[in-house]
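Subject: Handover of a structure

Dear colleague,

I am passing on the structure below, and I would be glad if you kept it open while reading the notes that come after it.

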Amino acid sequence: MTVSDLQTVPMVRRATSDQLVAEPRLADTFSVVRLPTAEEHVTKSRVRVLARGPQRLIGVVLLIAIWELASLGGWIQPEVLAAPSTVISTGAHLLASGVLESALWASLQRVFWGLAIGVPLGASLALAAGLSRTGENLIDGNIQMLRFVPIIGLESLFVLWLGVGETAKISMITLGVVFPVYINTYAAVRSIDPRYKELAHVVGLGRWACIRRIVLPAALPGFLVGLRMAMAVAWLLLVFAEQINASSGLGYLIVQAQTYFQSNVIVACLACYAILGLLTDLFVRTLERLLLSWEPGR
């Protein structure tokens, strides 16, 4: 290295140092990305859910508007299908007279008892069949066979066995509720990863602790799907159950209105079924958001 080379080294170092000082820092060039906290994520999820609520009603409002315009234009005769405005006024009149209130209360009691008996029964049978080979051999074949039998066709047997009182109506709803809860819960239990059970055995969990900490949380999504289907089935079967010598309930009002060709009363009662079905479905959706908040995408 020559003397001239030695003289140029400090200059190069100085230039390099000045260049480093002049260059912007990496933090000044790129902004730091801050990930949202858990509370902010939950808040944004709730805002999206609330925003989707009114959007879901757009199709319903549009359908009712077309229905009303068709009725006003004479395309739909009142004897065939009452207009939405007529249905609303009829429902208000039935509610003010107390007839609709008593019918709703009678129908709600039947659906409540059918769900209160059928849902635990279906879940218990699913756990018994899904957790043991003996339970599967004794339960699953019978359930799979019975669920293909039309429940409406069993109405005559229920009347023959249980009479025409409330027991036959509630039993009919209960039987219909058992099947969707059983099918979905059983499938969820059988699809649990066997490695979880091996892990429970390694850490020393007993059978009941394994069921409580592994089986039940893993089967919960399937159970909630079955619960949603069971509630829909309960309202559908209620119409047929209330035709068994009933003297109260929405189905009774529909039968009476059919006798006197009152389409406005029939549609008003059907609208009550639809509203109650939406409310029960909203209830299960709320349970899903609360109990399954740990799942991705919720």
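Predicted model: local features only at pLDDT ≥ 70, side-chain atom pairs only at ≥ 80, totals over all residues.

Residues are numbered from 1 along each chain as its sequence is written, and side-chain values use heavy atoms, with hydrogens and water left out.

The protein chain has 13 helices and 0 strands (DSSP runs, H or I of at least four residues for helices and E of at least two for strands, numbered from the N terminus). Of its 298 residues, 32% are buried, where buried means under 20% relative accessible area, exposed over 50% and partly exposed in between, with a 1.4 Å probe and protein chains only.

The second largest pocket has a volume of about 500 Å³ (on a 1 Å grid over the protein atoms alone, a pocket is an open set of points with protein on both sides within 12 Å along at least five of seven lines, and lining residues have an atom within 4 Å of a point; the volume is the space filled by probe spheres set on the points, which are joined across faces, edges and corners). Among its 17 lining residues, Ile-64, Trp-67, Val-87, Ala-271 and Ile-275 are the closest to the centre. Two or more lining residues come from each of α4, α5 (84-97) and α13 (263-291), and α13 gives the largest share, 7 residues.

Leu-57, Val-60, Val-61 and Ile-64 form a nonpolar surface patch of about 350 Å² (patch residues have over 30% relative accessible area and no salt bridge, with like charges joined within 9 Å and nonpolar side chains, namely Val, Leu, Ile, Met, Phe, Trp and Tyr, within 5 Å; a salt bridge is a side-chain nitrogen of Lys or Arg within 4 Å of a carboxyl oxygen of Asp or Glu; areas come from the Shrake-Rupley method with a 1.4 Å probe, and for residues only the protein chains shown count as cover). Val-61 lies in helix α4 (residues 58-72) and is exposed, with a relative accessible area of 54%.

Best regards

Notes
1 Å grid on protein atoms, 1.4 Å probe; cavity = no way out; pocket = protein on both sides within 12 Å on 5 of 7 lines; lining within 4 Å.
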